[in-house]
Every structure is written in C-alpha cells, then in structure tokens.
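The following note was prepared for a colleague who wishes to go through the model point by point. Please read it with the coordinates at hand.

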Amino acid sequence: MKYRQLGDTELRISEVSFGTWAIGGGWGEANDDESIRGLHRAMEAGVNFFDTADVYGSGHAEELLAKATKGKDDEVHIATKFCRSGDIHDLATYSEQAVRQFAENSLKRLNRERIDLYQIHCPPLAILKDGSVFEVLEKMKAEGKIRHYGVSVETVEEGLFCLSVPGVKALQVIFNLFRQKPADLLFPQANAAGVGILVRLPLASGLLTGKFTTSSTFAADDHRNFNVNGDQFNVGETFAGLPFAKGVELAQELAWIGEGRGNMARAAMRWILENPHITCIIPGFKNVKQIEDNLATLEVPAFSSEELVRLKSFYATDVHDHIRGAY
C-alpha cells in the first residue's frame, strides 16, 4: 500500500481507501457478513482510511465499521459526515446543539471517542457562507471530539469558498474521467492551501467499469434507479450527472484505457491517482472481490503523456456538454 499526506495534517492515509455508501444502503442489496469480510480484507492490505456518513443506511454503515475496526482506533482512520438527516437548507440543522447531537450519534454507532475527519455532507453554498457551522466544528475540535473537519462539496464554487475557511482540512469531491473540471482550478488551489482531496465516485456510479449496457437495470432501492434524473439529490451523484444511455455510450468509447491495465475500472482509478493533488480515492464495494479488484489499481501501469492529452480532449469535446446538475 502507498500512503499520502492529508493536506497539511499529520494524517497519512492509503491512496486507495474505501467509501461505505454501498454497504450501508442505497446501492441495492448488500450482505453484512460479506461487507465485514471486505473491510477486513482491505485492512489486511494496508487500507487505513474509510469514509462513511450518518445517512448511509441510517447509520448502518457506521455500525459495520465499528465491528470491523474494533480495537484499531489509532491505526484505522474514519471519516463520517452529517447534516443530511435534517433539512440541509435550514440553519437550525447546523446549530451547535444539532451538530453535537449528530456527532454523538455517530460516535456511539462507531464506538469511538473521536471522529478523525468530520465532514459537512454537501450543504448549500449559503450555509457555508453563513459560517456559523465552522465555529461549532472549531469548538468540537478544541474539545477533542473531532480531529479535523472538512466538507463534501458538489461544485467547484463551493470548494473554492471552503478554501477560505482556515480550519477546513479536506474536501470530498466527485472526480473521474467523466467529471474532470475540478482538476483545473480547485485542486491546485487546495494543494497550495494545505487541504487534502478525497475523490468519491471515481467510477461514475459504475459506468467506468464498462460493464453496463443501455438495457442494464437497477433495484428499486438503488440510487442508480431512483436518482437517475436527480429526483432525490444532486444528479451529479449518479452517473456523474450523465444521462444513463449517453454514459454507457461514452464508456464504450473509453474501453481502450483497460488494455494492458487489467480492466477499465482499474485504469480509470489509476488515472485519478496520477493527479499529484489527490490524497486518495474512495471507491465503494459490496464484497471481497470488489475490494481486491480496486486494490489492484495500485499495480496498474501509468498513462503516457499522449494518453493523458487524449483523455482530457475526450472530456472537453465529448463529455462536458452532457453533464447535468450543479458542477
């Protein structure tokens, strides 16, 4: 395993880490025993960072992490998120009383005394600009309830604003071959500010595995069904904001990246890790096989400078205009 510094913090985290949305719920059926086995396999391979949220399975993902990481509080770092179990547009959701309660609930489920990275979960820009939530997080940091705090953002504008807040140490961003915009302005500025970058949805909800066809279907409780047009939350969280059929077509055009790199998914994640401003990727998983396949990204050959130019051009000319939602 290779490790990277999380911004200018003392934390060094595995460059391939894992998110737990899928094992918590919202991606179709998952098996808890298999999820636990997957978490153990990841840790055996040196993974020391997992991302979760209080709304993933209404806290179920946090509970699974507690079981898998018991006794490893100092070795394995956990990031969780808050606010989306309330009204994200209401300032009361970010009051000191509310945030402390969110944190206490997460700590209880995680069976920990401190949250390593506490993130505001995709709040509106107006909430960020109000700033009062950051004052609460500073208090909790001083008390030792949280080690560091950050923000999961939907847009470059939100991310750039967060860089103006001194205490923010990490941004969680959607970034993949279908969603390259953050690399141009946000990532270099974050790096200069000592802010780490956690990349979520590196495979664009599975599109970049190359396994889907236009006739692929998803379970009723899978966000790739119920949020395909942004009916429940930002459409960018599902298939990178691309209409599904268009995403499948574009993925087929990218199939060449998998040649000599094991498969398309590993190649797509390797491309992300080649950006020097990235701290880690946090792909999801449901089983040990997916853990191992994602870990194999570490062995994938690098892209040539010509290939990188080709991929940037493909995004600009073929992909960008089809992305929907705030970006």
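The points below take up the basis of the model, its sheet, its aromatic contacts and its salt bridges.

1. Basis. The model is predicted, and local features are reported at pLDDT of at least 70, side-chain atom pairs only at pLDDT 80 or more, while totals for chains, interfaces and linings use all residues. Residues are numbered from 1 along each chain as its sequence is written, and side-chain values rest on heavy atoms, with hydrogens and water left out.

2. An open sheet is built from eight strands in the order 3-4-5-6-7-8-9-10, with parallel pairing. Strand 3 (18–19) and strand 10 (280–281) are the edge strands; each has a single partner strand, so one side of each lacks a neighbour in the sheet. Helices (H or I, at least four residues) and strands (E, at least two) are DSSP runs numbered from the N terminus, and two strands pair if DSSP finds at least two bridges between them.

3. Strand 8 and its partners. Strand 8 (residues 168–174) pairs with strand 7 (residues 146–152) in the parallel sense over four bridges; Gly150 has Ala170 in strand 8 as its bridge partner. Towards strand 9 (residues 196–200), strand 8 is joined by five bridges, and these two strands also run parallel. Here Gln172 has Leu198 in strand 9 as its bridge partner. Seven of the seven residues of strand 8 are buried, where buried means under 20% relative accessible area, exposed over 50% and partly exposed in between, for a 1.4 Å probe and protein chains only.

4. Crossovers. From strand 7 the chain passes through helix 7 (residues 156–162) to strand 8 in a right-handed β-α-β crossover. A right-handed β-α-β unit is likewise made by strand 8, helix 8 (residues 186–192) and strand 9. The term right-handed applies if, with the strands pointing away from the viewer, the path from the first strand over the helix to the second runs clockwise.

5. Aromatic pairs. The count of aromatic pairs is 15. Rings of Phe, Tyr and Trp (its six-membered ring) pair if their centres lie within 6.5 Å; planes under 30 degrees apart are stacked, over 60 edge-to-face, and the rest tilted. Phe212 and Phe218 make an edge-to-face pair, 5.2 Å centre to centre with 80° between the planes. Phe212 is buried at a relative accessible area of 17%, and Phe218 is buried at 16%. Phe212 also pairs with Phe239: the centres are 6.4 Å apart and the planes stand at 85°, so this pair is edge-to-face. Because Phe212 lies in the loop between strand 9 and helix 9 (223–226) and Phe239 in the loop between helix 9 and helix 10 (244–253), the pair ties together parts 27 residues apart in sequence. Phe239 is buried, at 0% relative accessibility. Elsewhere, ring pairs link Trp21, Tyr56, Phe226 and Phe233 into a cluster.

6. Charges over rings. Arg261 lies over the face of Phe303, 3.8 Å from the ring centre. The charged end of Arg310 sits over the ring of Trp256, at 3.9 Å from its centre. The criterion places NZ of Lys or CZ of Arg within 6 Å of the ring centre and within 35 degrees of the ring normal.

7. Salt bridges across the chain. The whole structure contains 22 salt bridges, each a side-chain nitrogen of Lys or Arg within 4 Å of a carboxyl oxygen of Asp or Glu. Asp8 and Lys169 form one, with the closest N and O atoms 3.0 Å apart. This pair links distant parts of the chain, 161 residues apart: Asp8 is in the loop between strand 1 (3–5) and strand 2 (12–14), and Lys169 is in strand 8. Asp8 is partly exposed at 49%, whereas Lys169 is buried at 16%.

8. Further salt bridges. Glu143 forms a salt bridge with Arg100, the closest N and O atoms being 2.7 Å apart. Glu143 belongs to helix 6 (residues 132–143) and Arg100 to helix 4, so the pair ties together parts 43 residues apart in sequence. Glu143 is partly exposed at 47% relative accessibility, and Arg100 is partly exposed at 23%.
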